[in-house]
Structure formats: C-alpha cells, structure tokens
Amino acid sequence: VTRALYYEVSLSYLFWPPLQTSHLPKMLASRLNLLLPRVSWLRGCSTTAVGQKHQRQVPTEFAVHDPLQAHALKEQCILVDANDQAIGAASKADCHRVHPETNDVKLHRAFSVFLFNSQGEMLVQKRSSHKITFPNTYTNACCSHPLYEIEQERQERNAQGIRVAAQRRLNYELGIPTEELQPQDFRYLTRIHYADTGDGVWGEHEIDYILFLQKDVTLRPNSNEVSEVRYLRRDKIDEAVAKFSAPLTPWFSLILQHRLKLWWDNLHQLEQFEDLSNIQRF
C-alpha cells in the first residue's frame, strides 16, 4: 500500500495541477480509500504472469506445505486404466491422496529415469525435505509424471510424451540443460505397475515408464526438489544403500530388488530387455 501511495502521489505531481501542501493529507486519505479495494482484490489473485488466465489459489489445507510444492499439486496428471489406456486427468493432489476408507490411490502415468555416466556409475538423488510425497528419501535420478495440460506430453507413440516430460523434469530437478538431453536420447525399456500407500495420507499408484540414459551431464540441482546427488558404482550398490541415512522410495526399492542390477550389468546391450508390450506387475 505504501509503495502504491508513493506512485499515486508521484503521478499526481506529474499530471495534476500543483497542489498546496495543506491539501496533501486529504489527498492521501482519498487515494488510500481508492487503493484498499484494489489491494484486497490483488490478495485473491494467483501469481500467474500477466495475460494468463486467473488460476485458483492453492487450497488452505496445503498451506502447511512448501509453497512451490503445494502449487505443483495443481498439475494435471494422466489417469490410466490397468492397461495404461488414458481415461482422463486429475490433479497431482488427487492422484496421490490415499483414500481414508479403501486405501486406494488413483492410477496414473509416471516415469523413472535411470541416469549413468560414461564410467557406468548410476546417479541417485535424495528428495528434499520440502517434498510432500516421500520426502527425505533416496531414489533414482528422476521420477515424475507427464502432464495432461502439456499437449506434447500426451503423445503416446514411441513414448514420445514420456520422453519430453523426462527432459523437462531433469532440467527442473537436476538443472541438466535441455540442450544436453534430447527426447530421443532416452531408452524406453518397459512399464511397471506398482502401488504404495506411503504415510497413509500421500501415496503412489502408477504405471511407471522405465527410461535409461548413459551420458555425462551438467548437474545444478534444484534445492527445492533435491537435497543430495551422488554417483554409485555397480559393485558397491548394496554397500552404499545399506549406509544411506534415509530409506528408498518404494518404486526405486522395487526396481532395485527385481530388475535394476540385471539391466545395469547390460548397459551396452539393453535392447534384449526391451518389453514395450507388457506391463510388469510388482
């Protein structure tokens, strides 16, 4: 309000007839009465850029969470059936809520990226304490969702939408420049269907596309998403995981238990493990 009044008064001297000093208090009171309704209106607006449609504020129930993470709960995930057929969209919040009576979580499409450097070491990250689902847990390089509101990420042929979403999220979470990774760089191996009720409030139920990538990349982690990154050697994976200061995410734990070591041992001949028709059920 103070800054707004400053500009109002400054403009008045530029465009209005000269004022007597004695008139200034009355003028300020008058302008304040005009500005207060505007301030109240602004409080109800979202922080979208000028020209974009007005969006709903983050619901009050999410106010206890980090603002950036709470805002991300409005993103629209792609709902799917058990055969990965798209059947609609729902907010990230709705897709991760555990139903209080049935313990069900809406099934939606996701992806997990496994990133290796030229020495064959695998990147793992620790999710930040700000994360709403599975905070402070260790996981693979990047785990996220294609978004319904991004048309390119709805493309299903050759998992193109998943690849585009992976490029976007690797840039956002780990700061990997988009020019260093192109959608065609990812090797799509298979899909995994799993569910986990998490903390009983926020959980997961996903058909998870598994993407592999071996490339040396630039890392500038986003501290709102990631609190730690490290590369692990194949022959030290069990020892490293045993020494982690926090648990693994459920999807990373399942993949590590059932498939990851075999895939890791065959980084240069992964084509023999591609299964794009079937969905693995864990």
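This is a predicted model: local features need pLDDT of at least 70, side-chain atom pairs count only at pLDDT 80 or more; totals for chains, interfaces and linings use all residues.
## The main core

Start with the largest nonpolar core, which has 28 residues. F114, M122, F212 and L260 make the most contacts inside it. The top contributor is α7, with seven residues.

Setting aside neighbours within four places in sequence, M122 touches F114, L115 and F116, then R230, Y231, L232 and I237, and finally F252, L260 and W264. There's also a second, separate core of 26 residues, and C142, I162, L170 and V217 are among its members.

## Helix α7

So what does α7 look like? This helix runs for 16 residues and spans 22 Å from first C-alpha to last, close to the 22 Å expected at 1.5 Å a residue. Even so, α7 has a kink of about 65 degrees, centred on R259.

Its buried residues are P250, W251, F252, I255, L256, L260, W263 and W264. Two of these, L260 and W264, are also contacts of M122.

## A buried lysine

K92 sits in helix α4 (residues 92–96). K92 is buried but has no salt bridge. With a salt bridge needing a nitrogen–oxygen distance within 4 Å, the nearest oppositely charged side chain, E75, is 4.8 Å away.

Beyond its neighbours within four places in sequence, K92 is in contact with A72, L73, E75, C77 and H145.

Methods
Residues are numbered from 1 along each chain as its sequence is written. Side-chain values use heavy atoms; hydrogens and water are left out. A nonpolar core is a set of buried Ala, Val, Leu, Ile, Met, Phe, Trp, Tyr and Cys residues joined through side-chain atoms within 4.5 Å. Buried means under 20% relative accessible area, exposed over 50%, partly exposed in between (1.4 Å probe, protein chains only). Helices (H or I, at least four residues) and strands (E, at least two) are DSSP runs, numbered from the N terminus. Contact means heavy atoms within 4.5 Å. Lys and Arg count as positive and Asp and Glu as negative; His and the chain ends are not counted. The expected span of a helix is 1.5 Å times one less than its number of residues. The bend at a residue is the angle between axes fitted to the seven residues ending there and the seven starting there.
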